[in-house]
Every structure is written in structure tokens, then in C-alpha cells.
Amino acid sequence: MLSSLYKKQTAQKPTLLHDTYFNDLRRKEYSRLCNQQHTYLDFTGGNLYAQSQLDEHQSLLRNNVLGNPHSGNPSSLLATQLVQEARDKVLTFFNASEDYHCVFTQNASGALKIVGECYPHSKDSHLLMIADNHNSVHGMREYCSNQGGSYSYAPLNYEDLTISDSDLEESLHQHSDKRRKLFTYPAQSNVSGVKHDLEWINKAQENGWDVCLDAAAYVPSSPLDLRKYQPEFVAVSFYKIFGYPTGLGCLLIKKCAFHKLEKKWFAGGTVQYASVSNPFYFLADDYERFENGTINYLDIPAVTIGLNYINKIGMQRINERITSMTKYLYQALRDIQYLDGSKFIHLFGPSCREIQAAP
Ligand SMILES: Cc1ncc(COP(=O)(O)O)c(C=O)c1O
């Protein structure tokens, strides 16, 4: 079968942007790829860490004494300071310093779980999703239906894997009788790489919806400006952006929507006051409310290091590089044909590859 295939010669070879820059970076920071003869195409499921990130983090751990932040001794205070630096860095990275709280979580799924668990679903609420949400979003419907809420999916076009604006608008106009409405969608699909329109955030909010943006697959290769678009909740996994460490993500909560999440229990680190002699407790009124127990204070400083590293390269440059590589791959796959000229590969997704990033 393979012998009857050939690669059509295309008139124009696509340009891979920033070749010199990324070839140098690969030699300097990722020599293990060449040493072990790897081809690593994933830029969403799990990114690769640079050598310098490891060196900087290990040097920080080797040269300092860090203690559990829930205390006032010097080692504890240093950990508190480094965690605060990381939190500030995350908020700055997404241009969210003024308007959002940053809650550290284990990953994007952990962030989505907080929203699923604490959003006040009831008979009087509705959850709207789309079919190419990640399973960690689909799972939120269990919290919803367990509390009597209803849920539905906006229709997906299965050929080009997009959602038409008019279909979505129709879905957003429904359920106007509900008191609480949550719309949750991925800025970029983990299934197809399709980037969905961030304008949907405004459209949904105009129709009375709270919006939970799953940004996990989007932010590794696209800038997210939370001054421009302000979903109530945003879920992120850091290893997808800069590879190291795993086991850390965040939930960004718009400050004015903070009270909409109702936490139904307390744990160490989440309360201002709790007592065994009476049944009352007062939850912390900022990000601490959702960070149960001891945070990952040894790894969190590596988030600052990772974001500094990405800032040095520049998200715009990363985005241009990946977009050009995606187009190249698309064209190369499309040009594989049978000898009779018929297509060998059927590619799903939008015809305009500008809006489709690397899967
Ligand atoms: C769009 C999207 N949402 C959520 C997740 C879940 O991320 P994690 O496994 O880091 O929790 C992923 C992971 O691939 C993803 O691509």
C-alpha cells in the first residue's frame, strides 16, 4: 500500500519562523533531545523544561533553607516570600494583577474541580459546555446534576470541529429563567487544537452567564490577557507552559466573582478561625480559602523561574514559531497522496489553519 503513495511537490516551501533562534535554544537548553535522538512534537500535553530552569531551581533549593509557610520562623518566611513572588508573577503573566486571585492547585483538573464543587448548582441553575471540552470539564456536570442542576452542550460541527457563532448564541440565549448559569469551554481544544473565540466570554456574560475558561491547552502557545477578557474563572496547568515542575497549576478567580464559589468545608490553611468548642468557622477571604493544607512550597518557586524563562523567549515568538510549524505539518500531511491523486489522509478541523495550533 505504501508504495502507491507519493508526496506531491508543492510550489512553495512554508517558512518556519525564528529558525535560528530556536535552533540555538535547542542546542543550549535541550541538548538531551539530540543526544537521545528524540523528535518531540507535543507543545500542549506536556512541554519540555529547559536545562537552565532545572539549574536555577536546584541552586535555589541547595542554597536556602525553606520551611512550611504556615509559620513565622526565617525558613518559613522565606518560603512565604517565594510563594508570594510566584503568585504575583502568575498574575502579571496573565495581566491579571488587579482583578484576579491566584489559587495554586495541583493542575488544571484541580482548578476545574474547585469550580465544579463550589459553584452553587441547584434546580435553579444550568451548566453549558461544548463537546470538545476536556474530560475534567465534562466531569463538572456530576457536581451539577447531583445538586439538581441541569446541563447541556452547545452543538459542535463534527467536520471542521468548530462551533458556529449563531449556534452558540442560540445556546446562550436559552435558560434565561435560571438564577445561576455557568458556561465552560476550552480556549483551545485538547482534542483538535481548535482555538475557540475568546469573544464568547463577553457574549456569555452579556447574557447573564458566569464563564469558566479552560485555558490549559491555550496558554502554552498563546498570550492570554485578562484585562481584555475577564472570565470569572480560569484553569491552567504550569507544566504545559514550561515543562517543570509537574503537579502545579492554578485557578484564577475574578475578585468580583470570588463570593460565587461556595466552599462547603474547611481545612488547614483555609480558615481565619475554627474551633472545636463550637461549630463555627470563618474561611479566609482570599486565595487561601481554596488552598487546602500545605501548599507545594518547594516547587512553587520554580513557577517564577519557568515564567521568567518563557518571558525571555517571548510568547509572541513562541506563538509564531508554533503556528508556522503547524502550517508546515498540515501542508506536508495534506500533500501525501495516492498515485491516482486521491487524498491519503483526511484532516478534520477548520480549513483555515491560522486558528488551529499544534495538537
Ligand atoms: C484543554 C485541557 N483542559 C484540561 C486539561 C487537564 O490538565 P491536567 O491533566 O494538567 O489537569 C488538559 C490536559 O491536557 C487540557 O488540554
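Select serine 237 and the ligand: a polar side-chain atom of this residue lies 2.6 Å from an oxygen atom of the ligand. At alanine 108, it is a backbone N or O atom that lies 3.4 Å from an oxygen atom of the ligand. Polar contacts here are pairs of N or O atoms within 3.5 Å. The protein buries 87% of the 390 Å² that the ligand exposes when taken alone (Shrake-Rupley accessible area, 1.4 Å probe).

This is a predicted model, in which local features need pLDDT of at least 70 and side-chain atom pairs pLDDT 80 or more, while totals for chains, interfaces and linings use all residues. Residues are numbered from 1 along each chain as its sequence is written, and side-chain values use heavy atoms, without hydrogens and water.

Now select the shell around the ligand (a heavy atom within 4 Å): Asn107, Ala108, Ser109, His134, Gln188, Asn190, Asp214, Ala216, Ala217, Ser237, Tyr239 and Lys240. Coloured by class, the shell shows four nonpolar, six polar and two charged residues; Ala and Tyr count as nonpolar, Asp and Lys as charged.

Zoom out and colour by domain: domain 1 covers 2–48 + 314–355, and domain 2 covers 57–307, with bounds from an automatic or database assignment. Their C-alpha centres lie 31 Å apart. Select the contact between them (heavy atoms within 4.5 Å): domain 1 gives 16 residues and domain 2 gives 21. The buried area is about 1400 Å², with 55% from carbon and sulfur atoms; this is the accessible area (1.4 Å probe) lost on putting the two parts together, summed over both.

Note on methods:
A polar contact is a pair of N or O atoms within 3.5 Å; within protein, one must be able to donate a hydrogen and the other to accept it, and residues adjacent in sequence count only if both atoms are side-chain atoms.
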